[in-house]
Amino acid sequence: MKHNLPELTYNYKDLEPYIDEKTMEIHHSKHHQGYIKKYVNALEGLDELLNKDVENVLKNLDSVPEEKLESVINNGGGYYNHRLFWTILTPKKTKMSNQLKEAINRDFGSIETFKAMFSNKAKTQFGSGWAWLVVAKDKRLKVVSTPNQLTPFEFGEPILALDVWEHAYYLKYQNRRPDYVENFWNIVNWEQVSKYYQELN
Ligand code: MN
């Protein structure tokens with residue numbers, strides 16, 4: 001399997017004014033690329049693992065040699081998390097499916113409550129990390145956060161992600177993470193999030 005930096009379906013400047021061009025460029029071409037490179041380096045010579053998709057490796061950490069574990073968790077996590085993150089962003093106005101809307105209403109009471117809970121998770125994650133909307137094993141939707149580059153697989157399958165590392169917002173927002181989080185809602189690709197939800201049902 002080739003571990004290439006995934007191409008974006010939009011240009012770096014397209015998410016302005018919510019995420020600035022420079023941040024997108026560095027985040028994608030430097031940070032994300034860096035995680036991928038370090039992941040591949042960590043698994044050098046371990047072709048069986050390198051031939052698998054990173055998601056598969058992260059879900060089967062028992063198969064990773066102990067001395068490679070930390071690097072695979074950190075860099076493989078960064079590789080996987082950003083790959084998902086780019087796909088749920090868009091400059092286009094999109095709508096969530098009725099199926100997802102109903103599930104959010106069922107599990108959170110309302111769309112507004114869900115957004116408030118997710119935003120709160122993102123704002124209060126201490127230090128670097130991610131906020132997630134996941135579909136748990138019992139099929140219910142849950143809002144969770146993870147530190148650093150940990151994936152949310154222990155809680156469920158992610159369908160929405162928000163990177164709250166400072167590198168994701170500091171150039172434009174400096175210390176104002178809450179403003180970045182609120183602006184995120186303007187560029188969520190609800191069509192894609194709905195698709196991910198549908199694939200799990
Ligand atoms: Mn990031």
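Asp107 and Arg140 form a salt bridge in which the closest N and O atoms are 3.1 Å apart, a salt bridge being a side-chain nitrogen of Lys or Arg within 4 Å of a carboxyl oxygen of Asp or Glu. The pair links distant parts of the chain, 33 residues apart, with Asp107 in helix 5 (residues 98-108) and Arg140 in the loop between strand 1 (129-135) and strand 2 (141-147); helices (H or I, at least four residues) and strands (E, at least two) are DSSP runs, numbered from the N terminus. This is a predicted model, in which local features need pLDDT of at least 70 and side-chain atom pairs count only at pLDDT 80 or more, while totals for chains, interfaces and linings use all residues. Residues are numbered from 1 along each chain as its sequence is written, and side-chain values use heavy atoms, with hydrogens and water left out.

**Salt bridges**

- By this rule the count comes to 7 salt bridges, and Asp107 also takes part in one with Arg106, where the closest N and O atoms are 2.8 Å apart.
- Asp107 is buried at a relative accessible area of 17%, whereas Arg106 at 45% and Arg140 at 39% are partly exposed (buried means under 20% relative accessible area, exposed over 50%, and partly exposed in between, with a 1.4 Å probe and protein chains only).
- Glu182 and Lys123 meet through their side chains in a salt bridge of 2.7 Å, N to O, which links helix 8 (residues 177-184), where Glu182 lies, to helix 6 (residues 111-124), where Lys123 lies, 59 residues apart.

**The largest pocket**

- The largest pocket holds about 210 Å³ of space, a pocket being, on a 1 Å grid over the protein atoms alone, an open set of points where a 1.4 Å probe fits, with protein on both sides within 12 Å along at least five of seven lines, and lining residues having an atom within 4 Å of a point.
- Its lining includes Glu55, Tyr80, Arg83, Glu157 and Tyr196, and the elements that give two or more residues to this lining are helix 4 (66-87), strand 3 (157-163) and helix 9 (190-199).
- Domain 1 (20-87) and domain 2 (98-199) each supply at least three residues to the lining of the largest pocket, the domain bounds coming from an automatic or database domain assignment.

**The manganese ion**

- The manganese ion is coordinated by His27 (NE2), His82 (NE2), Asp163 (OD) and His167 (NE2) at 1.9 to 2.1 Å, where donors are N, O and S atoms within 2.8 Å of the metal (3.2 Å for Na, K and Ca), and sites may look incomplete because water is not among the atoms.
- Along the chain, the donors of the manganese ion follow the spacing H-x54-H-x80-D-x3-H.
- His27 is buried, at 2% relative accessibility.

**Backbone details**

- Most residues other than glycine have a negative phi, and most peptide bonds are trans.
- A cis peptide bond, with omega about 5°, joins Glu16 and Pro17, and Pro17 is found in the segment before helix 1.
- Lys139, in the loop between strand 1 and strand 2, has a positive phi near 75°.
- Gln174, in the loop between helix 7 and helix 8, has a positive phi near 50°.

Key
Grid points are joined across faces, edges and corners, and a volume is the space filled by probe spheres set on the points.
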